[in-house]
Amino acid sequence: MRKIPRRTVLGWGLGVAAGRALGQAAKVEPVFKPEKDASLRLLRWSGFVKSDEELWKANTKKFTEATGVPVSVEYITWEDVRPKAALAANLGTGPDIIMGWYDDPHIYPQKLVDVSDVAEGLGKQLGGWYDVARTYGYSNRMRHWIAVPVGGTVECLTYRTSWTKEAGFDEFPRSPADLLKLARALKAKGHPVGFALGHAVGDGNNWTHWVLWTFGGKAVEKDSKTIAIAQKPSLEAIAYVQELYAQMVPGVGSWLDPNNNRAFLAGEISLTNNGISIYYAAKKDFPQIAEDINHSPFPIGPVGRATELANFSQAFIFKHSRFPNAAKEYIRFMLSPDQAGPWVDAMNGYVTPALKQYQDLPVWTKDPKATPFRDGIARMQHNGYAGEPGQQAAAALAEFIVLDMFADATVNGMSAKDAAARAENRLRRIYRG
Amino acid sequence: MRGLSLDRGPLLPTLLLVPSAVLLGGLLAFPLVLGVLLGFKDATIGEAGNFIGLDNYRYLLTDPVLRITALNTALYTLVTVVFKLALGLALALILNQRFAGYRFWRSVLLLPYVVPTVLSAFAWWWILDPQFSFISWGLIRLGILDQHVNFLGSAWLARASLMVANVWRGIPFFTVGYLAGLQSIPKELHEAAAIDGASGWRTFWEITWLLLLPLTTILTIFSAIFTFTDFQLIWTITRGGPANATHLFVTLAYQRAIPGGALGEGAAIAGFTLPFLALLAWAALDALRRQA
């Protein structure tokens, strides 16, 4: 493996403009020498904020200027990346690089280029990867890195400070029990809470996995075979959610991802789980609400450690690519400080990088309300916990097994036992040997 | 001279059939056969899978979600087609009259049909929103309700709401069909009935409805096929939720096969639709043949 030259990290703390100017000035030898006449195709999710794509384009242009490798970038809705990536994997043709989600690379690890050199190089250079990032990027089956972690769209509990105070809570709750107390008090004051229980791919999956995990529950054991969902911790989590559901605004059973944003901004709910988007929408259109918003990590339950789930993205290269070196260099380049720094800063906290050193970026402290999003990757558990990432974990998430277990026990009026048994049966099928 | 040889014998007809055979075979039959075969494999995204016979089907028959889905699909198709037919016919009868601005209203009526389904589905999604539905808002303003209607948040109301949206979109299909049908009924028949002193009701049942019957068969069958395989409305508005209460065969097949990656099982779910669709297609062809 080639040794990666340690470069002085110039962009830190100097702000976006400085970072950009320095970045443009720097012309360095590529670490991975692109193939002759290489050109690349990247498929990635379209930005959650406009500045994402603007900066990504600018950085890509810089890459082309520095290496002479043209890169065509296709942006599609984040939920559509998986089927398209799968198609490319199955057909053995299509984009060279994909920025996908969650377990994607573990679904077809044998079709991906070993990117250990890129991942380990970046890790060494930039303070290391968060544990969960390694789980997502490293394949135990292949015994090497199959993807380079990019980052996650971390979620926090988003709440109205004035209403929380009115409900008698000066500090935001740290435990699920206190969160329930707060929700009850908020509802009593006419400000119900709202958490998605419809098929909301992001918000719905995220909070229901948190609650399952924080009570010590899990879908599957470490062996990725033994299904463990119909057990006591799940039943406790369900009982908890049933009580929380009683404090929610009517209609959460139908909520998809955008519903809680709208309900929160309209003042219909006082508390929900979301990325930083509600706050920025409020800053733009409802400054008074923005003033009143704050964020908190999810509370920690009996299990005693943070157990959050968030959409997690990683970049991977298909073996069918004719230009694997150019692709590696592109990923390395885009995740290096001169590019990633301004990019992450410009996204205002929508995406938290998977490399520890990026927690020093100004975006996390410029506005203290963004700070809870900074450490989101450290608070995450990987999808499919306690099993390994892979096709089964991806299927369980895509089929909303955990989310529907809670929805069955609330919206559909099933008993906790029946709801858990239904989830168990489906998981058995998904994880069948 | 060469041209002559083509004129004789079976060569020319065969040659002329080749393009359509290739098109039909390549674009319809081949993928269909592949799809059916996929239903007998445990293929996932990324793994070609092994032949497992009827295992997918055997499992699916025990799957409570598939049972709900079958019930949903049957209800969704039956109920909406009946309503679409009745309302479509009623509208056609009204629009068949010559009143001021009838041309304008005829084109307005087509709107639900010409608007891309995804757009109208989004509109319905807003109309049925648990917090911002204008229907709820209006009813609260009028003092009829004191809280928002939970259109999509409980199983039966969600099913009913989706049916309403589907009926709204599907009415013009019947109306336009019936309008054409009505205009092809010879005026003399109605005039003769009027002279004989038949009531409007009797004229409708014994002349109009009878003459529209063959058309009704065709419209119903085609509408049933479209409804049976509806995807966009469901996927945009509920994604099959809450807790899988509103899945149809196609949305469940998609959810499990594409985002879920269980290609074989998804194909098997789609396979459940084949006998029904084949039956409907056969009925449609038969009806067409009898009319010809």
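Domain 1 of chain A and domain 2 of chain A bury about 1,200 Å² between them, with 60% of it on carbon and sulfur atoms. Buried area here is the accessible area (1.4 Å probe) that two parts lose on being put together, summed over both. This is a predicted model, in which local features need pLDDT of at least 70 and side-chain atom pairs count only at pLDDT 80 or more, while totals for chains, interfaces and linings use all residues. Residues are numbered from 1 along each chain as its sequence is written, chains are lettered from A and ligands numbered from 1 in the order in which they are written, and side-chain values use heavy atoms, without hydrogens and water.

**Domains and their interface**

- Chain A splits into domain 1 (15–153 + 310–374) and domain 2 (156–307 + 399–430); the bounds come from an automatic or database domain assignment.
- The C-alpha centres of the two domains of chain A lie 30 Å apart.
- Domain 1 of chain A gives 13 residues to the contact and domain 2 of chain A gives 19 residues; contact means heavy atoms within 4.5 Å.
- On the domain 1 side, A:Y350, A:K369 and A:F373 lose the most area to domain 2 of chain A, together 48% of what that side buries.

- The side chains of A:D367 and A:K283 meet in a salt bridge at 3.1 Å, N to O.

**Helix α19**

- Helix α19 (residues 401–409) of chain A is largely enclosed by the rest of the structure, because nine of its nine residues are buried.
- Buried means under 20% relative accessible area (1.4 Å probe, protein chains only).
- Among the buried residues of α19(A) are A:I401, A:L403, A:D404, A:F406 and A:D408.
- The cover over these buried residues includes α9 (203–214), α10, α18 (391–398) and α20 (416–430) of chain A.
- Helices are DSSP runs (H or I, at least four residues), numbered from the N terminus.

**A:L244 in helix α10**

- A:L244 sits in helix α10 (residues 232–245) of chain A.
- A:L244 is buried, with a relative accessible area of 0%.
- Beyond its neighbours within four places in sequence, A:L244 is in contact with A:L180, A:A183, A:F195 and A:W207.
- A:L244 and A:A183 are 61 residues apart in sequence, yet 7.1 Å apart in space, C-alpha to C-alpha.

Technical notes. Helix = DSSP H or I, 4+ residues; strand = E, 2+ residues; numbered from the N terminus. Buried < 20%, exposed > 50% of the residue type's maximum accessible area, 1.4 Å probe, protein only. Salt bridge = Lys/Arg side-chain N within 4 Å of Asp/Glu carboxyl O.
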